[in-house]
Amino acid sequence: MSAIVRVLVGLVLTLGVAAPVGTADSGAEPVVTPHRYEQHYLTAPDGTRLHADVLRPAGLPEDAKTPVILTVSPYRSHTAYISAPRASGGPSTDYLPVDLALRAGYTYVIVDLRGFGGSNGCPDYGGPGERSDVTTAVEWAASQPWSTGRVGMVGVSYEAWTGLLGLAARPRGLAAVLAFEPVVDPYSYLYMRGVSWKFSGKPVTEGGIRPADQVGMEHLAIASTPGRPDDSPEYQANAVQMTQECGERYLALTGDHDDRNPQWVARDLVAATRGNTIPLFLGQGFLDANTRPDRVFELWQAQGAGEHRAWFGQWGHSDCRFKCGTPQFDAEMMAFLDRHVAGRDVTVPGPRVTVGQFDGGWRSETAWPPVDSRVYPAELRAGVYTDRGYVPGPDRELWSISQPFERVTQLSGVPTASLRLDGPASATAAVELYDVEPGGRATIITRGIAPVAETTEVRMLAQDWPLAAGHRLGVRITDVVDDVWTHAPSNATVTVRSGRVDIPLLVEPRVPDLTGGGSEAHAKWRVEKTTTIAPEVMNNAVVHMKLPNETSPR
């Protein structure tokens, strides 16, 4: 196992594709603010040695106390950031707000999770070991003579996941967490109802080609990235200490499609962070094809009292420092940290929830889904489809299309579907919602999948999407979306005896009241996630769904 993993390291570093939970959509910049750099080792309760890079504002006395911003990560090797080689060595700060922090008087600490970078031990994919690492890192940073005792955790993706692990563990000194595009439930990150997601093949293609149930091997390759010649002997030894037993346990878990596995249940942070009162700044892109907009909203709704903030909108796998067209984001982020970590008497600008709609508008909300989002059932057509995959064809799909809407009708929340099916359990049923223009051009709004059962319940991904006047809602039932999920076709016929979608719609569509631009992911979605529905399909698939603002059939 260990030898195989080390062979993979070379391939990973060459291709630059092993980023199952990365931050490649954000933006990289070197640290230019003067600072003093130190390295330290922390010892976890079980004896695991954790490596830390510490960046202190320049010119401060050794014991000058500052608030601390902390990132706990599997991706901060001195040799490579995820799979991108680093020529200069030293602290890996790509995509982190280190300059902003140093200029504002914070010390920035980066700690390697067990088994990664310069830390030894066995990674356990958000398990008790990694949760312990977060506790150790926070309490160490809070207890240093140069620390005020208040620590804020900041990160995107896996580095946001570790922030949520901090909320679950509640270590001494944790004052706030800023988490964008986090893993909330690692099972749902890899699987939807037992069906493996696909991750993109960047930089070769953005299409889904990498089965999620195989990302464990990619993580082990990252964990086996060797140190640099100028790293300390302990760092170099820790970087390549992965054992066969450790790797086998990791692969057994990440390859398990069964959500009843007690290890998956124990890693569900929706339950573990319920009632949290530590201030949380949470962000999620509705167009994120990595950490998708799924159970993160359950976690948001389960937070307890506290000065929490959220940004939800039309971007991919990133925060909004670079690619959302929102220059106010940095100021809001730093004010949040200043108020809750530095203890400064500042007001955090902006609303409790900032929402980016698919039509390009930005608005304020006090909750998301909004308090006036109502669920409306819509009946679907019966019919059949073939679970055969790969080659498109009308035999693979069953459409239902509403009457046109008389005025703007806004979807806001998490749609679901309930289907009564006849077919083998080895087949799958995927449901997609579309925004259908008068000429038949249709853009994907959201989708979900589940194995075929007599009663099949499908939870789709969240969205916030105004349907324009004259547009229709399209619902497509199919076997699988080939570049989104991995599924071995059963080649069976599946009969849809009846079906219903439950659509969350706002009582009144919103008028945007915030400034914001568009993201790269949004522009691509408008072009790449579209199809044209043939006239004969449109003519045969129209049903009166009895949704608000839907015109009556003639």
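Buried means under 20% relative accessible area, exposed over 50%, and partly exposed in between (1.4 Å probe, protein chains only). I'm working on a predicted model, where local features need pLDDT of at least 70, side-chain atom pairs count only at pLDDT 80 or more, and totals for chains, interfaces and linings use all residues. Residues are numbered from 1 along each chain as its sequence is written, and side-chain values use heavy atoms, with hydrogens and water left out.

**Entry 1: arginine 228**

I started with arginine 228, which counts as buried because its relative accessible area is 18%. I found arginine 228 in the loop between α6 (215-223) and α7 (233-239); helices (H or I, at least four residues) and strands (E, at least two) are DSSP runs, numbered from the N terminus. Next I listed contacts, meaning heavy atoms within 4.5 Å. Neighbours within four places in sequence aside, arginine 228 touches His78, Thr79, Arg86, Ala87, Ser88, Gly89 and Gln236.

**Entry 2: proline 85**

Buried or exposed, I asked of proline 85? Proline 85 is exposed, at 59% relative accessibility, and sits in strand β5 (residues 84-85). I also checked lysine 524: from proline 85 it is 439 residues away in sequence and 28 Å away in space, C-alpha to C-alpha.

**Entry 3: α3 and α4**

Two packed helices are described by the angle between their axes and the distance between the axes. For α3 (residues 128-143) and α4 (residues 158-169) I read an angle of about 80° and axes 9 Å apart. Axes are lines fitted to C-alpha atoms, for helices over the stretch in contact, and angles run from 0 to 180 degrees between N-to-C directions. So α3 is roughly perpendicular to α4 (under 35 degrees is roughly parallel, over 145 roughly antiparallel, 65 to 115 roughly perpendicular, the rest oblique). On the α3 side I noted Glu130, Arg131, Val134 and Thr135, and on the α4 side Tyr158, Thr162, Leu165, Gly166, Ala168 and Ala169.

**Entry 4: nonpolar cores**

A nonpolar core is a set of buried Ala, Val, Leu, Ile, Met, Phe, Trp, Tyr and Cys residues joined through side-chain atoms within 4.5 Å. The largest has 79 residues, and Leu70, Val109, Val111, Tyr125, Leu190, Phe312 and Trp485 have the most contacts inside it. Its largest share, seven residues, comes from α4. I found a second, separate core of 43 residues that includes Leu287, Val452, Val501 and Ile533.

**Entry 5: threonine 456 and β23**

In a regular strand the side chains alternate between the two faces of the sheet. In β23 (residues 455-459) I see Thr456 and Val458 on the covered face, with Thr455, Glu457 and Arg459 on the uncovered one. Threonine 456 is buried, with 1% relative accessible area. Strands pair if DSSP finds at least two bridges between them; β20 (residues 416-422) and β23 have five, in the antiparallel sense. Leucine 419 stands opposite threonine 456. I also logged arginine 420, 36 residues from threonine 456 along the chain, with 6.3 Å between their C-alpha atoms.

**Entry 6: the five-stranded sheet**

I traced an open antiparallel sheet in the order β18-β25-β21-β22-β28. Tryptophan 399 has arginine 476 in β25 as its bridge partner.
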